[in-house]
Amino acid sequence: MSGEESLFTYELMESTDAVRDQIKRCEGQHVQQAVFSTYMDTLTQVCFTEQKIRSTILWDGNRSWDASKE
Ligand SMILES: [Zn+2]
């Protein structure tokens, strides 16, 4: 991280399980929030400590990674 800017990086995760694993890794170490969408069946983690957003949501078409494979 450089300077005083706070820029979150978006990381597309391949599955909700991958996001869950990451949430477990951050648990107790980092400040984080997790959001699950029953509508899109997607999971999103925001880690404030790492300034990363990890999610299964694709920007393109607003669909989840899993749904795109079906
Ligand atoms: Zn973290």
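1. pLDDT is the predictor's confidence in each residue, on a scale from 0 to 100. The structure under review is a predicted model. Its mean pLDDT is 85, and 77% of the residues reach 70 or more. Confidence is highest in helix α1 (residues 16-26), with a mean of 97. The lowest confidence belongs to helix α2 (residues 65-69), where the mean is 51.

2. The overall composition may be stated next. The protein contains two helices and four strands. Read from the N terminus, these elements follow the order β-α-β-β-β-α. Of the 70 residues, 17% count as buried. Among contacts with a separation of 6 or more, 44% are between residues 24 or more positions apart.

3. The four strands form an open sheet in the order β1-β4-β3-β2, and the pairing is mixed. Strands β1 (9-12) and β2 stand at the edges; each has a single partner strand, so one side of each lacks a neighbour in the sheet. On average, neighbouring strands are turned by 15 degrees against each other, direction ignored. In general, the strands of a sheet pair through backbone hydrogen bonds, in either a parallel or an antiparallel manner.

4. How do β2 and β3 run, and how many bridges join them? The two strands are antiparallel, and six bridges join them. Two pairs of residues illustrate the arrangement: Gln32 has Cys47 of β3 as its bridge partner, and Ser37 stands opposite Thr42 in β3. Helix α1 packs on the sheet and touches β2, β3 and β4. The direction of α1 makes about 25 degrees with that of β3.

5. The hairpin of β2 and β3 has four residues between its strands. Asp41 lies in this loop, between β2 (32-37) and β3. Most residues other than glycine have a negative phi. Asp41 counts as partly exposed because it has 14 C-beta neighbours inside 10 Å, and a residue is partly exposed when that number falls between the limits of 12 or fewer for exposed and 20 or more for buried.

6. Val46 deserves a separate point. Where in the fold is Val46 placed? Val46 belongs to strand β3 (residues 42-47). Is Val46 buried or partly exposed? Val46 is partly exposed, because 17 other C-beta atoms lie within 10 Å. Leaving aside residues up to four places away in sequence, Val46 touches Gln32, Gln33 and Ile53. One of these, Gln32, is the residue whose bridge partner in β3 is Cys47. Val46 and Tyr10 are 36 residues apart in sequence, whereas their C-alpha atoms are 9.3 Å apart in space.

Notes: Residues numbered from 1 in each chain as written. Predicted model: local features only at pLDDT ≥ 70, side-chain atom pairs only at ≥ 80, totals over all residues. Contact = placed C-beta atoms within 7 Å. Pairing = 2+ DSSP bridges. Axes fitted to C-alpha atoms, helices over the stretch in contact; angles between N-to-C directions.
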